[in-house]
Amino acid sequence: MSAKPARAKRVGMEVSIAVSHAVQLARAEAIAAYPITPQTHIVEHLASMVANGELEASYVNVESEHSAMSACIGMSASGARTYTATSSQGLALMNEILFIASAMRFPIVMTVANRALSGPLSIWNDHSDIMAARDIGWIQVFVENGQESFDHSIMAFKIAENPQVLLPTIVNLDGFILSHVVEALEMLDQGAVDKFLPAYSPRHRLDPRNPVTMGAFAMPEIYTEVKMKHQVTLTNSYEHIVKVWEEWGKLTGRAYKPVEQFMTKGAKILLLTMGCLSEVAQIAVEEMRAAGLPVGLLKLRMWRPFPFEDLRKAVGDAELLIVCDRALSLGGPGGPVMSEVRSAFYPLAQRPNILGYIVGLGGRDVAPQAYKDIVAKAKAEMEQGPSQEFSLYGVRG
Amino acid sequence: MEKFGFAESPKYDVYVSRLMPREEYFTSGHRSCQGCGEALAVRWVTKAIGKDAIIAHATGCMEIVSSGLPQTAWMHPWIHVAFENTAAVASGVEEGLKILARKGKLSGPPPKVVAMGGDGGTTDIGLQALSGAMERGHDFTYVCWDNEAYMNTGIQRSSSTPFGAMTTTSPPGKQSFGQSTWKKDMVAIAVAHNIPYVATASPSYVFDLYFKIKKAIETPGPAYVHILCVCPTGWRSATDLSVRLGRLAVETGVFPLFEVENGKYHLTVQPPKVRPIRDYLKPQGRFRHLRDPEVDYIQKRIVERYKDLLAKCGASVPEFPFLPEEAPAEEGA
């Protein structure tokens, strides 16, 4: 075997369409979806692939996202490789069924094109949709560009369907600012994907020759044990996820880590971002470094299971950690990511100061200057002592 | 019906046990109440479905009494996800099986898919998912266990609760005579979806129910069967009267047994003599508070609706000697 990664030529493509090609290459067999902006381009393209015979799959136009996730459960229970995509209100409408999909251990793969939750109604990007679905028991990753969107959409199937894992998986990509941009990316050919991702062979499925009862209810004597099992499985899925990412690295030359580091060497101040905020933050960090500021960047890729150890290691002995959230926990400690990061560091004797900044709500643009402002403000705050729990960057009035 | 030997069946009534399948797919040991009409219906429906089928079930009485982890009363492959989505789950199962069959991943033809839910899970919270599934034309059968209220949560009214009935959320009082709305016509809603097969059935008429389910299963495309299930707990009726009450619902015209095949109505059970509504209401505690004006109102409306149905079925209209005198409309309560 050649050690050379299976390089393919770079093509320019809208990221949504790249995701639909990834789903096609993964040979998804059953798709149930309902239109919601900005996820629509993905499923429109899949529908046309099915219509043209380019993807041998069943595509069901359900009448709501609630039914989309319900139909996905039925599809997965029948033994088919199952995919769907949604955003915002759609994810919120699915909410009830998301918990059941993971508890019943169906390896459904879903793209969430992240969008603000109403109200006021906003079709633009932030992370309030997925943060409201934080505790659904799915594996959740964030991607920051078109190539990552493509790669993770294929890897998600391999992770979810691992018999040691069997958990549904969400790939989060930012709506519009990522989903609707055209980027240059490398695709894989079908042969390489088939080798990487063999056909799905379900451990249990609805089959009259071997009848099983799925979705039985639990009395208090057993509910806690079932939940514990789910918790242990999700936590342990970490090693399987990392293994799949490493394998992908060998195949394509693109390796992924739970927490990515950018210019962190010698950094006293670290910014932490998720999704495509990271792309812009990189520019800002480079410029700040050039100006002599000891700033680095951490990108949190794996959201569930939460990579406690990777994060602690990546932060090292930095003095200040600034967490940039793209969602607000109303009436709470600020940003949901910031509060989780704070609790990840609380047990440590030596920990950085952690400040929370909330940026880019409802499609508000976040330019490189924002990070420079935030770092300057955070430094000033540290000198005087933090004045508030969190700051809403750029808010008027 | 002839196809299944139904026309001859009355001749063989004494041989019933030999004609019907002996296999039990809904096993004993489940926790339904004494006299549960629904459990009786489930037993016969699962027999009619046969072995080669997959069941998706909504949350509700039947799910709760039959599937406490780690036990199950279901011999079929069976899946329960939530309350309002069983038709969507069944859609997914059917589509999944279809694509697996097309890709040669199933040995033999795909199993039949049956969705089941109570009247709340069907006519209220599950109506959207059911409408979507019927409109999309999946090859599946939906069975509604209609016990006319949310019995599992403690007898709250649903849109399928009949006019005048007492439930815990439609109690009679100084300002109320109980349920103030007429029962939602779910069968007409199913018919309006232009699906190939719609029927009503009752476990008090086992042959009729059995062959309707068989027909529904074998009809390609969506089929809907609405089964009236007597609930002694919620109806406040004696547990030994369940089969009798199911018969009275048919004999009084409250719940006529008919089928609609490709839009064509056909009355499958015509009682020799239609009985007055009082015969049906009286054994049920949930109607105990009703006074004559309300009962007369119900009687008139039942007869009107029954006549409409008979006209649709092209059946002869019998006499209704018990109909109350035409009188100026009185206050209902």
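How many helices and strands does the secondary structure of chain A come to? The count is twelve helices and 16 strands, where helices (H or I, at least four residues) and strands (E, at least two) are DSSP runs, numbered from the N terminus. This is a predicted model, in which local features need pLDDT of at least 70 and side-chain atom pairs count only at pLDDT 80 or more, while totals for chains, interfaces and linings use all residues. Residues are numbered from 1 along each chain as its sequence is written, and chains are lettered from A and ligands numbered from 1 in the order in which they are written.

Overall shape comes next. Chain A has a radius of gyration of 21 Å, which agrees with the value near 21 Å for a compact globule of 397 residues; the radius is taken over C-alpha atoms, and the globule rule is 2.2 Å times the number of residues to the power 0.38. Along the principal axes, the C-alpha atoms of chain A fill a box of roughly 70 × 55 × 45 Å.

Now for the sheet. Seven strands of chain A line up in an open sheet, in the order S3-S2-S4-S5-S7-S6-S13, with mixed pairing. Two strands pair if DSSP finds at least two bridges between them. S3(A) and S13(A) (302–304) sit at the edges with a single partner strand each, so one side of each has no neighbour in the sheet. From one strand to the next, the twist averages 20°. S2(A) and S4(A) (residues 82–86) run parallel, joined over two bridges, and Ala30(A) has Thr82(A) in S4(A) as its bridge partner. Helix H6(A) (residues 146–161) packs on this sheet, touching S5(A), S6(A) and S7(A), and its direction makes about 170° with that of S7(A). Here axes are lines fitted to C-alpha atoms, for helices over the stretch in contact, and angles run from 0 to 180 degrees between N-to-C directions.

Finally, there is the partner chain. In all, 38 residues of chain A are in contact with 38 residues of chain B, contact meaning that C-beta atoms, placed from the backbone, lie within 7 Å. Several elements of chain A each supply at least two residues to this side, including S2(A), H4(A) (88–103) and S9(A) (213–214). The largest share, ten residues, comes from H3(A). S9(A) also pairs in the parallel sense with S2(B) (residues 78–80) over two bridges, and there Thr213(A) stands opposite Trp78(B).

Notes:
Contact = placed C-beta atoms within 7 Å.
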